[in-house]
Amino acid sequence: MRCLGTSPTPGEVDRHLLHHKIERNGELDFSTFLAIIHQQKQQENPQKEILEAMLMTDKQRRGFITATELRTKLTQLGEKLTNQEVDDLLQEANIPPNGIVKYEDFIRSITVPLADY
């Protein structure tokens, strides 16, 4: 699913399988797979989701949060990332460990599709 541009969480995958009555180790036909991909694409808007999460952190509406604040949120809330995963994310976005994370720049840098060549 990720190769086709979706990023379902483990919980979302489980919900899709449950909805289509498919066992975790079961098989699904191509038409069911297409239906799941379509459903997933309809519910995803990563740019909006990331922006909303950052706005919840930035109570003063400064337009940025610190890398430390971002690390805290990513390692302690929701689907928790490891410190190494956060390090990799910050490195990919060219943000130093003690730097600031500007919403628009960060969102753009982590949501740009990877070249598939």
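Predicted model: local features only at pLDDT ≥ 70, side-chain atom pairs only at ≥ 80, totals over all residues.

Visitor: Why is His16 called buried, and why is Asp105 called partly exposed?

Guide: Buried means under 20% relative accessible area, exposed means over 50%, and partly exposed lies in between, with a 1.4 Å probe and protein chains only. His16 has a relative accessibility of 7%, so the residue counts as buried. Asp105, in helix α6 (residues 103-111), has 42% and therefore counts as partly exposed. Over the whole protein, buried residues make up 24% of the 117 residues.

Visitor: How do you know that the buried residues of α4 lie on the same side of the helix?

Guide: In α4, residues 67-76, the buried residues are Ala67, Leu70 and Arg71. They cover an arc of only 100° around the axis, which means that they are on the same side of α4; the arc is that of the directions from the helix axis to the C-beta atoms. An α-helix has 3.6 residues a turn, so residues three or four places apart point the same way. The buried residues of α4 pack against β1 (64-66), α5 (83-92), β2 (100-102) and α6. After α4 comes Gly78, with a positive phi near 60°.

Visitor: What makes a set of residues the largest nonpolar core?

Guide: A nonpolar core is a set of buried Ala, Val, Leu, Ile, Met, Phe, Trp, Tyr and Cys residues joined through side-chain atoms within 4.5 Å. The largest such set has 13 residues, and those with the most contacts inside it are Met54, Ile65, Leu70, Leu90, Ile95, Val101 and Phe106. The elements giving two or more residues to this core are α3, α4, α5 and α6, and α6 gives the most, with 3 residues. Among the residues touched by Ile65 are Met54, Leu70 and Val101.

Visitor: Which residues line the largest pocket nearest its centre, and what volume does the pocket have?

Guide: A pocket is an open set of points on a 1 Å grid over the protein atoms alone, with protein on both sides within 12 Å along at least five of seven lines; lining residues have an atom within 4 Å of a point. The largest pocket is lined by 43 residues, with Ser7, Pro46, Ile50, Ile110 and Thr111 nearest its centre. Its volume is about 2000 Å³, this being the space filled by probe spheres set on the points, which are joined across faces, edges and corners. The largest contribution to the lining comes from α3, with 8 residues.

Methods:
Residues numbered from 1 in each chain as written. Heavy atoms only, no water. Helix = DSSP H or I, 4+ residues; strand = E, 2+ residues; numbered from the N terminus. Contact = heavy atoms within 4.5 Å. 1 Å grid on protein atoms, 1.4 Å probe; cavity = no way out; pocket = protein on both sides within 12 Å on 5 of 7 lines; lining within 4 Å.
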